[in-house]
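Here is a short report on a structure with more than one part to explore. Keep the view open as you read, and find each element as it comes up.

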Amino acid sequence: MNWISPRALSRLGVLGINARNRDFVARYNPRRAFPLVDDKLKTKRILQAEGLATPGLLHVVRHQFEVRGIESRLAAQEGFCIKPAKGSGGKGILVIERREGGQFVKASGARVGIEHLQRHVSNALAGLYSLGGQPDAVIIEELIEFDPAFTGLSHEGVPDIRIVVFQGYPVMAMLRLATHASDGKANLHQGAVGVGLDLATGAAIRAVQYARPIREHPDTGQVLDRIQIPDWHSMLLLAARCYEPTGLGYLGADLVLDRSKGAQLLELNARPGLAIQVASGRGLRPRLHAIEARVADRIRESPEARVAHVVDAFAVEI
Amino acid sequence: MTGARVAFWLLVSGLLAIGGGIAWLRHVQMEIPFLPGVAQTVWLVEARVDFVATGGPVRISLDLPEDLPGFRLFTEQAASPGYGFAIVDVTGDRRGEWTRREASGPQTLYYTAQFIVQGDRQPASVVGDPQPRAYFFEEPAATAASQLIGAAMARSSTPESLTRELIRLLANPDMDQNAALLRATDLGRAELLVHLLNLAGVAARVAQGLELEDARRRRPLTPLVEIPVAGQWQIFDPVTGRQGLPENMLLWQRGGASLLDVEGGGRSQVSFSMLRQSVPALQLSQAQFGDGVLAAFGISALPIEEQGLFKLLFLLPIGALVVAFMRIVVGVSTSGTFMPVLIALAFVQTSLVLGLVSFISVVAFGLLLRSYLSYLNLLLVARIATLVVIVILLISLLSILGYRLGYSTGLTITFFPMVIIAWTIERMSILWEEEGPGEVLVQGGGSLLVAALAYLVMELRIVQHLSFNFPELNLVLLAGILVIGSYSGYRLTELRRFRDMRELDR
């Protein structure tokens, strides 16, 4: 049968959903901290207050009557990104790269009119993309111009880096690349490519699509195992610093590398997925337990010291 | 284990103990069966009194059974037109009394009772201190009696062995002249034995038993002999000498009072007819213990309408347990957490296949219409409201269509929760747009799978029986849900999801 035995999974230290929810999310993430990350607007405010790099906020739409005004508000912007504040799993994110003859060009290359943008914003306001359909706000933020290091790595969409941070210590990282199959989205279960990254160096360990190892990007043909994330240390530091302002002990930080501004935090996730283990080819559990043990008998360390520790402790032996 | 874990398991075992304990108590005390369809044997016995009235006032008094080893009186009634009937208690002896101012000619009175067979055949205990009553035989029977007693005494040591010995001697009149002489008197064997035992100082008495055989008519009572031994009445068959109450022997009359007294009539006679019946144990329990303390925990005390509601309501926890199991342990993804339970409840009323067909067709139609709605660029709330209206129209259309085609069952489709269906359509259509039809199939199929499973569990007769008759078992379900909720192992689907990590396991 095409299954893995629970014993083998346990030997690999793989964390299951139930254990993640019970032993980590429920234990280390205080309920009151959830709204901070479930609402991208609030997340952005905290991050900005803390001086953590994040794409600039251009405009917020809160009410239906403001929808008609977005055209004039965005007149000065060539490209931008529309996000529902409470959207989950990348739902409802609309990236406009540039304009062409009064129309807007999406990341996929498709052209849409202003009515499409208005309808999209209106849907998002009504709660189409939010959990439980509650009324939402829409944020419009600066477009990320991604670093040339990522050229050819992503089909549509921006390649982003997911770092799981446990009690302030980055414990695992992967690069997520959108594919044609994933329709420009960075969700692994929709067919995006996940590249496991060595926590010490930011170099690729292995790459998977649909949980199977691959060597090349299925759309661009780019070789994946030679990827090296530039400016890796500052990314780790940025992720590690998310712990203090949010109070979330178990979080997933999504980062991108902007051509001019460097590492930027896109969003935080209080229930980061488990696919990162498949991409990295190793389980989270041993690392989480190691951090638990370290925190249990030590005074609090600074983000710099935490990053220094994980670079040392979780480097991939070659 | 940490303190929290200990407290958790204490809570779980407490719930199990309380729920299971109350259920057990109610099972034992109120005889509510744990299995559905358990039937109990009930004997329907009819006593018929025939006599010829002399024309004046009539009073008939029939001894009625009480304190029955092996049986319990379930119902009783008397049918005799023109007669007043009452059950009176004459110094601890229950008697049925028929009265009438004037009657003449042949008369027939009926007394009918139902007796439940019980496993417990403990002999009745002796009340007070029964004393032997003197009886004077006439000569030469008196001498024969004292000689027979002497012979029996010599070969016995206890009242029981004495009784057995006397029965043996009386049974063989050819061997013993005294026995032959006594047998020649016009006393019955039981009476004779009782008199002999009384003479010997044993407070014996006659009891009348009814031998129960299915569909027998006009049976007389069988005389038996009771003697007090160590606080209990031991029963002997005066002819065979068999000790103990035979199976199927209903002790109708005990304690020596007369079976039938007739005033104002003559040529009286009592005969019995009987019928073996099988009655659902549940019905028996409700009829007998309907207003006990423990019945307060049951729903059968509520009006029928509310009972029907609760019958459905108590199936919900079962569905919730199935959903919790399927999502947490198996890892099936469903659209809407408890939507499958509501769908399963609808299935309970529509039947599975019909329910599935109508649910899928309504949702499919809804999805088609919903795809048109997205062109209208409506606000979300209005769109859902539109869907609710569309769903109701679709359902009425299907019902009418089904009715025209001759399926009156089509009408049961209205049991589906409309708003839930509307939301399901909306979610599915968004899912379709965002994640593609594959995900719609996965989540929709998952929901229907869980709903069908919950339905199948709910439809089990034993589940319906237990959930309705033992509502306290919900605490046991709760304990089960708590245990599932604390499961932190891998889900079944994760074993597949992570299957390609096998190569990494060395």
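Strand β3 (residues 94-100) of chain A runs antiparallel to strand β4 (residues 103-106) of chain A, and four bridges join the two. Look for A:Arg99: its opposite number in β4(A) is A:Phe104. This is a predicted model.

## Two domains in chain A

Chain A is divided into two domains. Domain 1 covers 6-51 + 147-313, and domain 2 covers 57-142. The C-alpha centres of domain 1 of chain A and domain 2 of chain A are 26 Å apart.

How many residues of domain 1 of chain A are in contact with domain 2 of chain A? Eleven residues of domain 1 touch eleven residues of domain 2. On the domain 1 side, helix α4 (residues 40-49) of chain A gives the largest share, three residues. That side of domain 1 of chain A is made up of two nonpolar, three polar and six charged residues.

## A second sheet in chain A

Chain A also holds an open sheet of seven strands. Its order is β11-β10-β9-β8-β7-β12-β13 (chain A), with antiparallel pairing. The edge strands are β11 (212-214) and β13 (262-269) of chain A, and each pairs on one side only. From one strand to the next, the twist averages 35 degrees.

Strand β7 (residues 160-166) of chain A and strand β12 (residues 250-258) of chain A run antiparallel and are joined by six bridges. A:Val164 stands opposite A:Gly252 in β12(A).

## Strands in chain B

Turn to chain B. Strand β6 (residues 104-117) of chain B pairs with strand β1 (residues 39-54) of chain B over 13 bridges, in the antiparallel sense. In that pair, B:Val52 stands opposite B:Pro106 in β6(B). Strand β3 (residues 71-79) of chain B also pairs with β6(B), antiparallel, over eight bridges. Here B:Ala79 has B:Tyr110 in β6(B) as its bridge partner.

Is B:Ile227 buried or exposed? B:Ile227 is buried, because 24 other C-beta atoms lie within 10 Å, and 20 or more are enough to count as buried. B:Ile227 sits in strand β9 (residues 222-229) of chain B. Beyond its neighbours within four places in sequence, B:Ile227 is in contact with B:Pro159, B:Thr163, B:Leu197, B:Val202, B:Ala204 and B:Gln234. B:Pro130 is 97 residues from B:Ile227 in sequence, but 9.6 Å from it in space, C-alpha to C-alpha.

B:Arg219 lies in strand β8 (residues 216-219) of chain B. B:Arg219 has 15 C-beta neighbours inside 10 Å, so it counts as partly exposed. Not counting residues up to four places away in sequence, B:Arg219 touches B:Leu210, B:Ser271 and B:Phe272. B:Tyr487 is 268 residues from B:Arg219 in sequence and 66 Å from it in space, C-alpha to C-alpha.

## A covered helix in chain B

Helix α8 (residues 316-330) of chain B has 15 residues. From first C-alpha to last, α8(B) reaches 20 Å, close to the 21 Å expected at 1.5 Å a residue. Its buried residues include B:Pro317, B:Leu321, B:Val322 and B:Ile328. B:Arg327 is also one of the buried residues of α8(B).

What covers the buried residues of α8(B)? The cover includes α2 (17-28) of chain A, along with α9 (339-350), α13 (437-459), α14 (461-469) and α15 (473-485) of chain B. After α8(B) comes B:Gly331, with a positive phi near 90 degrees.

## Where the chains meet

In the contact between the chains, 24 residues of chain B meet 28 residues of chain A. On the chain B side, the elements that give two or more residues are α11 (380-404), α12 (418-435) and α16 (492-497) of chain B. The largest share, four residues, comes from α16(B). The chain B side divides into eleven nonpolar, three polar and ten charged residues.

Methods
Residues are numbered from 1 along each chain as its sequence is written. Chains are lettered from A and ligands numbered from 1 in the order in which they are written. This is a predicted model: local features need pLDDT of at least 70, side-chain atom pairs count only at pLDDT 80 or more; totals for chains, interfaces and linings use all residues. Domain bounds come from an automatic or database domain assignment. Two residues are in contact if their C-beta atoms, placed from the backbone, lie within 7 Å. Ala, Val, Leu, Ile, Met, Phe, Trp, Tyr, Cys and Pro count as nonpolar, Asp, Glu, Lys and Arg as charged, and the others, Gly among them, as polar. Two strands pair if DSSP finds at least two bridges between them. A residue is buried if 20 or more other C-beta atoms lie within 10 Å of its own, exposed if 12 or fewer, and partly exposed in between; C-beta atoms are placed from the backbone. The expected span of a helix is 1.5 Å times one less than its number of residues. Axes are lines fitted to C-alpha atoms, for helices over the stretch in contact, and angles run from 0 to 180 degrees between N-to-C directions.
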